[in-house]
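Subject: Model for your review, with pocket notes

Hi,

Please find the structure below.

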Amino acid sequence: MLKHTRSSDRALYDICAEELERQEHNIEMIASESTVPIEVMELSGCIFTNKTLEGYPGNRFQAGSHIADKLEILLNERAKAVYGAEHVNLQPYSGSTANYSVYAAILKPGDRVLSMRLDQGGHLTHGSPANFLSKVYQFESYGVHPETEVIDYDALERKAREFQPKCIISGGSSYPRLIDYKRIYDIAQSVGAYHMVDMAHIAGLVGAGVIPSPVPYADFVSSSTTKTFCGPRSGMVLCKAEHAKKLDKGVFPGALGSMHLTTMAAKAWSLKYMQSEAFRTIMAQVLVNARTLAEALAKHGFRIVSGGTDNHIVMADLRPKNISGTVFQNALDSVGITVNKNQIPNDPASPFVTSGVRIGLTSTSQRGLKEPEIRRIARIMSDVADSPDDAAVLDKLRSEARELIAAFPLYPPHTFDD
Ligand SMILES: Cc1ncc(COP(=O)(O)O)c(C=O)c1O
């Protein structure tokens, strides 16, 4: 691993080696993470890093672009094929900049946007007061029904009629259920708004065809290419043909500068892999593992937000276990299980403390864990929640977690041997 850096900058090499060690021995369950295939790492640092390029194939601002053009064309063709999209733009550097690009394409300062509440599953870039976009556009939010914890579509429709947004955003960071995209598309059309779906979390599940696609019911679909996409740290936007010109102008020069050809190469590889049976099998197992974890945690006394999951996310309400999100996250981290604290709908606790955790099943499913191991993890989680301050119990659980994950290597043996 990093054989040149190892000799030129030992301090930096050691930090990377330490992180490899951490990921190898920990059970990674952050819902926005995945373990990238080694080719993605290879391409993310490939020779295209030397090339600066702006514009689009056939219309570039710099010379020497004819080979990069081949790359972007191949990438776009693959993204269109995987998602059945009429037009795509793979230049955004991340899910956030993919969203900024769509806003740049269709909104003017002061325009109204209706999106999902952050504390009920939305994302910072959908109008959180903490994000600069809230100073540029007027955001209003919809949320989940207090009893079912599923999006309250009737209330959303009422809000849309009252607020008359220019754009309605669906999709989020911590929403474990399928979304009725058609219903929201119909609402958007009835009030003359665009429908933008942010599928950052579920892009891999959609690409593998194991959950329904938002593409037919969205003007724009934005995404990260990490998370279930299992690709490089980058982004993507899909849209209907009629919005192609607007989108391309929104991305460049509207929101971004020169493209990151290295991660574009890595995204092209990921999109080929996404069409394989191997990827489909992993994504199908992600769904099985998430349902298994939700059921097992419920049996151990956790309350599962919305009563279950349809994707890779399990949202657990910790109040029946009398532990906060912060304390639980830290106690789990100490035994080698990585999750993040997260507010649950109508959470009485602050975002810094929280009453819940968000658990993702992508990385564990990629490593080959199946239902028996997931049930064991649920039991370990429950034991941690019952004794978060008992050093002897945590020591035992740390050994158990480490032994469990040791049977499922992060990468095949010798991957990082030089
Ligand atoms: C729904 C959603 N949109 C956008 C983003 C931002 O993606 P990125 O971290 O790639 O900028 C996230 C990240 O967690 C997300 O969950």
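This is a predicted model: local features need pLDDT of at least 70, side-chain atom pairs count only at pLDDT 80 or more; totals for chains, interfaces and linings use all residues.

Residues are numbered from 1 along each chain as its sequence is written, and side-chain values use heavy atoms, without hydrogens or water.

Largest pocket
A pocket here is an open set of points on a 1 Å grid over the protein atoms alone, where a 1.4 Å probe fits, with protein on both sides within 12 Å along at least five of seven lines; lining residues have an atom within 4 Å of a point. The volume is about 1,000 Å³ (space filled by probe spheres set on the points, which are joined across faces, edges and corners). The lining has 36 residues, and Q23, V36, M41, Y411 and F416 lie nearest the centre. Two or more lining residues come from each of α1 (3-8), α2 (10-25), α3 (38-44) and α14 (362-367) (DSSP runs numbered from the N terminus: helices are H or I, at least four residues; strands are E, at least two).

Second largest pocket
This one holds about 490 Å³. Its lining has 25 residues, with L118, G122, H123, L124 and S173 nearest the centre. Elements giving two or more residues are α5 (95-106) and β14 (340-342). The largest share, three residues, is from α5.

Domains
Domain 1 (41-273) and domain 2 (277-406) each give at least three residues to the lining of the largest pocket (bounds from an automatic or database domain assignment). Each also gives at least three to the lining of the second largest pocket.

Best wishes
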